[in-house]
Amino acid sequence: MVHGHFSGNSRMIAILAAAALGWAMGSTPSVNAAAWEPTKPVEFVIPAGTGGGADQMARLIQGIVAKHGLMKQSLIPVNRSGGAGAEGFLSVKAAKGDAHKIVITLSNLFTTPLATGVPFSYRDMTPVAMLALDQFVLWVNADTPYKTAKDYIEAVSKAGPNKFKMGGTGSRQEDQILTVSLEKATGTKFTYLPFKGGGDVAVQLVGKHVDSTVNNPIEAVAQWRAGTLRPLCVFDDTRMPYKQRVTATMSWHDIPTCAEAGVPTDYVMLRGIFMPPGVTQDQVNFYVELFRKVRETPEWKRFMEDGAFNQTFMSGKEYAAWVEKAERQHRELMKEAGFLAKP
Amino acid sequence: MSTEDQASPDKQAVIGNRAMEIIVALLLLAFGAVIAWTSFKLGAKWGDDGPQAGYFPFYIGVIIAISSVVTLVQALRGTTGQSRGTFVERGQLKQVLAVLIPAIVFVLAIQWFGIYLAATVYIAVFMIWLGQYAWWKAVLLGVTVSVCVYLMFEVWFKVALHKGSLYDPLSLIGL
Amino acid sequence: MEEINALMHGFSVALSPFNLLLMFVGVTLGVIIGVLPGLGGANGIAILLPLTFTMPPTSAIIMLSCIYWGALFGGAITSVLFNIPGEPWSVATTFDGYPMSQQGRAGEALTAAFTSSFIGAFVAVVMITFLAPLVAKFALKFGPPEFFSVYFLTFCSFIGMGKGSPWKTLTAMMLGFALAAVGMDTVTGQLRLTFGFHELMRGFDFLVAVIGLFGIGEILLSMEEGLKFSGSKARINMKVVIETWKKLPMYWLTYVRSCVIGCWMGITPGGATPASFMSYGVAKRMSPNGAQFGKGHIEGVVAPETAAHAAGTSALLPMLSLGIPGSPTAAVLLGGLLIWGLQPGPLLFVEKKEFVWGLIASMYLGNLAGLIIVLTCVPLFAAILRIPFSIVAPLIIVICAIGAFTVHNAMLDIWFMMFFGVVGYIFKKLDYPMAPMVLALVLGDRAEDSFRQAMLISQGNLSVFFSNWLVGGIMALGLVMLFWPLVNKLRGRA
């Protein structure tokens, strides 16, 4: 509807004009026989609150789609964060056959049903595409003496149970799962402090109210660059690929993996897209193609680099298989940690 | 339905303050008890690392129950200042219901037919019935409001408002 | 001084005609967003964020922050006119703003609200300009025990204000807490008080309850009196602005107190909503006119509005200097910064000077623009009250329904709103006080979360709340506030 070369104010006017026009004429039904495309605005469900990682990504996508004119209809993000995202997923599950609704996921696709017993799973939805995988990094305050993950783990196991405080987002979700896997490596327990958002957690670490966090790169990068936080290791089996310097001396690639430090955990968070059940292959293909185009834009590439995302893209069977494997992994991890809901 | 026709039957009390106090206190008592009970089942002890999930809700429920018992006793003995006098007169209740019932129908209509049609009809009917406006004025205003709301939310702010669960009238005009 | 030079440069950036235009567009949009209950500042900015991707970052943030100022201003309008708080932080404004409007002093109340908002924001911006690095460090001192102490202080400064039955006050407050507890428990991830209904998982939103209790409840009450809105004799000319301004300097002490409370709560980050409640409570305690609060006293509008705006503005400081969102709106702005390729955080002031000082300059200008816009509209707003009730009432109910819906995009919330409307009507008639209930609803879960996080830290030891001078001091202040009425009573008897 609106193209990128408008300058700001003429753009506003253009939007208003287009809005008025659009209403006056009704949306022109341009059904192409060859391929399906949306005939009305698409609802983009975000199963998390405003300002979080999933929210940022969804709104970036909305902006990219509008700016580059990738879709005739607009994309409307809607936050449905209730019950750790269950509200959003349930609404998608219920919208059987509605191709004008997509949802962006985070790990709560797996953790929420397992931890609360709310009945939904990825099987209730149609997988579209994986956009990226978000990494987790173990952070400590830069004022502490721990230079490597090994130093820190040794200090924790020497101190004994409940002496070290780990801050994280939510309860029985990805951050706490990672904490439990660290506990296995240290042989002792952390005091896990749940907070509401990733931003809060990073701040609590800067203020030394907790001893370590497992923030996503994008949540803590500012503090790292300012020299107040220090990354110890990344919870993945390979290092992050970004070799450009982030601080004066280090790049994302210079952060060792936790496996190198003796914590054999690889855990990544899915940033993927799902649709309601019962949609046709044509409709799925439209969105796969749309997100392929989104990934080609410079804005998306810059965002990926800033947040040190793992840029794996998958769709179709490959993606479905990945999701299935991820769910099994979550079930095992959460079972071990004792986080499964009581039947 | 104007203010003038408050004839004597309209002055009759429908319900007294005392009776209303007792009803509300009983409802609150039940509410408090339910909260306390479900929280107790959830776990309402002070664990090793602070209170459990049901700890605070349990005591909240208990306090609601206790304080509504006190209010109940006060109302039964008629010691509160509120406990005499009428809660609502017949005429007043009529007026209140004249707003409340259409409002409830309005919400029901939103649920079934979406907010736009419901709002148009509601505003128009309210103006004709209670305000005695000419029907064309009422309909014009109702339609104008709905169109403004549509432009502002769906088009401008890109916020989708509720579409009907039974039938979406917007599909009729191709929106 | 370095700051002054940088600020002057900032003004030259912000003062381009295009940016000025954006400021006015932003403020106007913000006022609309603020007026519509449910569509809060955070939502509004999130919604409009993608529109700004094609602008240069400085222009984009100017427009978005102006939406934010506009929303802060706009929240007061419906609070004063219809007893419907457009935003959570304007709930306290209804306590005196609406009675004033019923007495035909809507213009006065609006002028006081807008002017106070401006003063609060202005003080906060001055603080941001000159004290940013210093003050930002203070924000880092706040861990869970400190947060709890702040919420504790807010409750204590507000308690004991009602005149009715203490048992009813207790019931109302506990009802608020109970509603706040519905949904998912942050600390354990368990579902509480949902009775197996998935719709209840997201909990009761404070705004839905408030729209019902205050807005719908008030319409039902005014129906009893017949088809009219009292306050329709409101004067509608600009003279009311000047007359109100003449009165305001009398309350300079309230302004000082409210600015301090607001800036402090914005930085910590407690947020604008607790700031407005605390400021109202403290003003009522401290002011010689305390007894007139709640009956349409202008100071009762000044105190919460000043603090809310000071808090809302200073909440941007931790965002800029630390990369910490001080409020939900700041969190969304933070997302915007990332999308424009800017990294908020300690280095922003060094690396993107032009952007930061352009933004700070736009805070001065945007607030001034906002004040001018809303003040010129005071007569217009006040004139709304002259519209016959049979037109206004359905409009209000429609807007309330939309507001309740947009909070969570949930149909069920509209039903809750109607339910709370009936509850509000009955409670008001039976003298159950609404303010403690609303306060408990808005702060209840946050207070509980920070209490239990603190308990996790200390392994269940309550002494954590007196473990250092900061948390101990705030707790002690809270206790003093709690027993203040008692002390006063004893003094009165002696």
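Let's start with the fold of chain C: with 494 residues, a compact globule would have a radius of gyration near 23 Å, and chain C has 22 Å, which agrees. That radius is taken over C-alpha atoms, and the globule rule is 2.2 Å times the number of residues to the power 0.38. Before I go on, please keep in mind that this is a predicted model, where local features need pLDDT of at least 70, side-chain atom pairs count only at pLDDT 80 or more, and totals for chains, interfaces and linings use all residues. As for labels, residues are numbered from 1 along each chain as its sequence is written, while chains are lettered from A and ligands numbered from 1 in the order in which they are written.

Back to chain C. Its C-alpha trace spans about 60 × 60 × 55 Å along the principal axes. Chain C holds 22 helices and 2 strands; these are DSSP runs, helices being H or I with at least four residues and strands E with at least two, numbered from the N terminus. Of its 494 residues, 68% are buried. By buried I mean that 20 or more other C-beta atoms lie within 10 Å of the residue's own; exposed is 12 or fewer, partly exposed is in between, and C-beta atoms are placed from the backbone. Among the contacts in chain C with a separation of 6 or more, 80% join residues 24 or more positions apart. A contact here is two residues whose C-beta atoms, placed from the backbone, lie within 7 Å.

Now chain B. What radius of gyration does chain B have, next to that of a compact globule of 175 residues? The globule would be near 16 Å, but chain B has 24 Å. The C-alpha trace of chain B spans about 60 × 55 × 25 Å along its principal axes, and 36% of the residues in chain B are buried. Chain B is divided into domain 1 (8–84) and domain 2 (90–173), with bounds from an automatic or database domain assignment. The C-alpha centres of these two domains of chain B lie 36 Å apart. In chain B, 6 helices go with 4 strands, and from the N terminus on the order is α-β-α-β-β-α-β-α-α-α.

A word on confidence. pLDDT is the predictor's confidence in each residue, from 0 to 100. Chain B averages 85, and 90% of its residues score at least 70. Over residues 1–7 of chain B, though, pLDDT stays under 50. Where pLDDT is low, the predicted coordinates should not be read in detail.

So how do chains B and C meet? How many residues does each chain bring to the contact? There are 48 from chain C and 54 from chain B. Several helices of chain C each supply at least two residues to its side, including helix 8 (166–181) and helix 21 (435–458). Helix 19 of chain C gives the largest share, 11 residues. By class, this side of chain C has 31 nonpolar, 9 polar and 8 charged residues. Nonpolar covers Ala, Val, Leu, Ile, Met, Phe, Trp, Tyr, Cys and Pro; charged is Asp, Glu, Lys and Arg; the others, Gly among them, are polar.

One residue to look at is Val398(C). Leaving out residues up to four places away in sequence, Val398(C) touches Ala119(B), Tyr122(B), Ile123(B) and Val145(B).
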